[in-house]
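Subject: Structure handover

Hello,

Here is the structure I promised to pass on. Please have it open while you read; my notes follow it.

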There are 2 protein chains.
Amino acid sequence: MNSYSELASFASYPITSLPVEWHIEAEGVRLIWDDQHVSLLHTFWLRDNCPCSECVSPVTREQLFEICDAPADLHIRDVSLTAVAEQQRLTICWSDGHVSRMHPGWLRAHCYADAARQQRVSVQHTWDRQVINRHLPQHDYQQVMTNNNALLTWLQTQHQWGIAMIRNSPTEVGSLNHLAQRIGMIRETNFGRLFDVISRSDANSAAYTTVRLPLHTDLPTRELQPGLQFLHCLRNDAEGGESILVDGFRVAADLRQESPELYQALTRIPADFYNKDRHSDYRFRAPILQTDADGELTEVRVANFLRGPLDVSANDVELFYRAYRRFIEKTRDSRYQLYFRLDAGDTLVFDNRRVLHARNAFDLKSGGRHLQGCYVDRDELLSRIRILQRQQTVE
Amino acid sequence: MNSYSELASFASYPITSLPVEWHIEAEGVRLIWDDQHVSLLHTFWLRDNCPCSECVSPVTREQLFEICDAPADLHIRDVSLTAVAEQQRLTICWSDGHVSRMHPGWLRAHCYADAARQQRVSVQHTWDRQVINRHLPQHDYQQVMTNNNALLTWLQTQHQWGIAMIRNSPTEVGSLNHLAQRIGMIRETNFGRLFDVISRSDANSAAYTTVRLPLHTDLPTRELQPGLQFLHCLRNDAEGGESILVDGFRVAADLRQESPELYQALTRIPADFYNKDRHSDYRFRAPILQTDADGELTEVRVANFLRGPLDVSANDVELFYRAYRRFIEKTRDSRYQLYFRLDAGDTLVFDNRRVLHARNAFDLKSGGRHLQGCYVDRDELLSRIRILQRQQTVE
């Protein structure tokens, strides 16, 4: 009974601590917990999160109450800790007569004091060649296909490192579908659901030729670059075609150290990306380095062969080229580069918005090369991790 | 012969003007055109855009040359206007011996002088009830299905206004597929490719009940909210269920006028959105109002019933609620609201990231209500417009 699965969530929130003092203040309620942690929870925040069955639909678990409907002068009349079905609830009586019973495990998990928020930051490890040669996460196909714990381990390391290798995959055409769907929906693109990386005479992308591909992210021409990229090796006995991978987040972090000016330029000045095709004309315009509302780096967007003409204020042109040339130059430094050959049965999975990939030219006179690939967006990866974590908590 | 379809592009660039003077300067080349327009084109920008067959693959039309490989001290030796196959080219001789022949139509179309960039800004019309009641773009199903000019007209107004109504659609289940695919790929989600908006007892979303839905965007829980939303009415003779649409861009613009502080808060402070489902746990964190690298408003993200607990610095909590409550309050003002009933055969298409939608509760005792919906991303819309424009230019 020590967990929370009330209306507004499907997740569990074990009670690890209880409030021992509470003070009604101008902003809201200040809670002091039995481990000395302090939470200041604002009036509208508390009202917004009332989990009662009037405020949250028992069927869909979605909010029915709209915070816009609370009176502007809403305030708290009374706070107490009361037992509801053998569990403690922080009970809040509101000036308009409504009563909210808040679960202490849920409240603590969602406390937004600086210290609490810092603990929730998820760790991502950046890497260079030395680090990834020691730590490349490797997993077994049968294990991740049949065991949910092995799957969760893969996906968590996948998220942390941005890369993983699945060994012993079957080498049947189309079998990549099964692996990708262990995570979620495959992202369909104009190249199909599964795409075949083979040489074609009517190539509409350099990927479908035998030439060297410089380090790039796939589909920077699309607003949402695909998240995970899978490359499943069915056959690889041609000479050449080695894979090269670089952690764009590490290169960006090092550039930031080296020159904050150039790093800032790449997070601010938009570049244009155009695909080249008779049947589609996708374009997107965004900085090479994208940061989120919290200022954290969330993606790299780069593919020399898909860049359109730079279209920015004349004042930014020289700065852009200085920053872009330096960034690309750094990615070419072998100390960042994971360099290897895919063998039949290997499935390489990497975060396409973080890890740049390249391949050497290959020679089809010497043998065959056939990869199948697909994309699965980050949304799907993170959702699957959360669902697997829910199940673990329940077990 | 007066157009450009050389290597790096499939589009045409008619020559409407020619350079009459050119000066090599420290930054690059200053061109003076026969209509007095002035283009200052920087050294690296020019070199980056060389269209020769060494620099751009004749097969894929993708860039092979990487600007990173140009020497840091690259400069221009000589510029001249020379005839190539009866067409003028701006010929640039580089300090490293390379020669670039640039097409004047292409150069002028990509000039990034302030005046030139301003002319390229695409116009979007925001609307309130009065405006949209006069100007709601309406199109005929058969016309847009069979005539590419009618299709282009629809898609251009769709982009400008964020909304259109397609009349006289067939009322067969599944027929929406054909209309959506006139644009491009349907965006698949966990609700399927086509989704049925009918009342269900196992609803995992308020959409699948009979309740009133407040104004919202669909799938704010996903990093990329779906772009176009199609709602195809197959049957609607139940009482209630009226549709309400509000141009979020107009409300945001008005809020910006009314209170720059509250507008800024909504573009800066991230909100969290969670879906509520046993089988998926999508979450995304982003400001209610998203602006792009150029500071332009690009999307609204709002759905009261999918918001997770606010997780921001305590300093921002009160400001967020002040701004959010005011924004929602404004959307409820009837002067913004397009209010109507969908009839069988109507297909409503709107930009889900701009136009908020709501529906009134309906009563199934009084009749039936069956809509089918689907999503098509903005990328697909804009690509289709460009492809249709290419074809028009050729005709």
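Which residues of α10(A) are buried? They are Val317(A), Phe320(A), Tyr321(A), Ala323(A), Tyr324(A), Phe327(A), Ile328(A) and Thr331(A). Please keep in mind that this is a predicted model.

Chain A overall

Chain A holds 11 helices and 22 strands. Its C-alpha atoms fill a box of roughly 80 × 55 × 40 Å along the principal axes. Of its 395 residues, 43% are buried. Take the contacts in chain A with a separation of 6 or more: 71% of them join residues 24 or more positions apart.

Where the chains meet

On chain A, 65 residues are in contact with 66 residues of chain B. The elements giving two or more residues to this side of chain A are β3 (38–42), α1 (43–48), β15 (283–287), α10 (314–331) and α11 (378–394). The largest share comes from α10(A), with seven residues. By type, the residues on this side of chain A divide into 30 nonpolar, 13 polar and 22 charged.

How are the two chains related? A rotation of 180 degrees, with 0.0 Å of shift along its axis, superposes chain A on chain B. The RMSD is 0.0 Å. That is the relation of a two-fold axis. In chain A, Leu224(A) has the C-alpha nearest the axis, at 3.3 Å. The interface residues of chain A are, at 100%, also interface residues in chain B, so the copies meet through the same surface.

Helix α6 of chain A runs over residues 148–161. It has 14 residues and reaches 20 Å from first C-alpha to last, close to the 20 Å expected at 1.5 Å a residue. Trp154(A), Leu155(A), Gln158(A) and Trp161(A) are its buried residues. Seen down the axis of α6(A), they fall within an arc of 145 degrees, so they line one face of the helix. There is a general reason for such patterns. An α-helix has 3.6 residues a turn, so residues three or four places apart point the same way. Just after α6(A), Gly162(A) takes a positive phi of about 75 degrees.

Now look at α9 of chain B, residues 260–268. Here Tyr263(B), Ala265(B) and Leu266(B) are buried. Seen down the axis of α9(B), these buried residues fall within an arc of 160 degrees, so they too line one face of the helix. What covers them includes α8 (248–258), β15 (283–287), β16 (289–291) and α10 (314–331) of chain B. The face of α9(B) turned away from the buried side carries the exposed residues Pro260(B) and Glu261(B).

Asn236(A) is in strand β11 (residues 228–236) of chain A. Is Asn236(A) buried or exposed? It has 20 C-beta neighbours inside 10 Å, so it counts as buried. Leaving out residues up to four places away in sequence, Asn236(A) touches Gly241(A), Arg341(A), Leu342(A), Asp343(A), Ala344(A) and Arg369(A). Asp73(A) is 163 residues from Asn236(A) in sequence and 69 Å from it in space, C-alpha to C-alpha.

Asn168(B) is in the loop between β8 (163–167) and α7 (176–181) of chain B. With 13 C-beta neighbours inside 10 Å, Asn168(B) counts as partly exposed. Beyond its neighbours within four places in sequence, Asn168(B) is in contact with Asp140(B), Tyr141(B), Gln142(B) and Gly345(B). Its C-alpha is 9.8 Å from that of Asp343(B), 175 residues apart along the chain.

Ile15(B) is in the segment before β1 (19–24) of chain B. Ile15(B) has 17 C-beta neighbours inside 10 Å, so it counts as partly exposed. The C-alpha atoms of Ile15(B) and Gly105(B) are separated by 4.3 Å, with the two residues 90 apart along the chain.

Best wishes

Terms used
Residues numbered from 1 in each chain as written. Chains lettered and ligands numbered in written order. Predicted model: local features only at pLDDT ≥ 70, side-chain atom pairs only at ≥ 80, totals over all residues. Helix = DSSP H or I, 4+ residues; strand = E, 2+ residues; numbered from the N terminus. Expected span 1.5 Å × (residues − 1). Buried ≥ 20, exposed ≤ 12 C-beta atoms within 10 Å, placed from the backbone. Arc of directions from axis to C-beta. Contact = placed C-beta atoms within 7 Å. Nonpolar A, V, L, I, M, F, W, Y, C, P; charged D, E, K, R; others polar. Least-squares fit on C-alpha atoms with pLDDT ≥ 70 in both.
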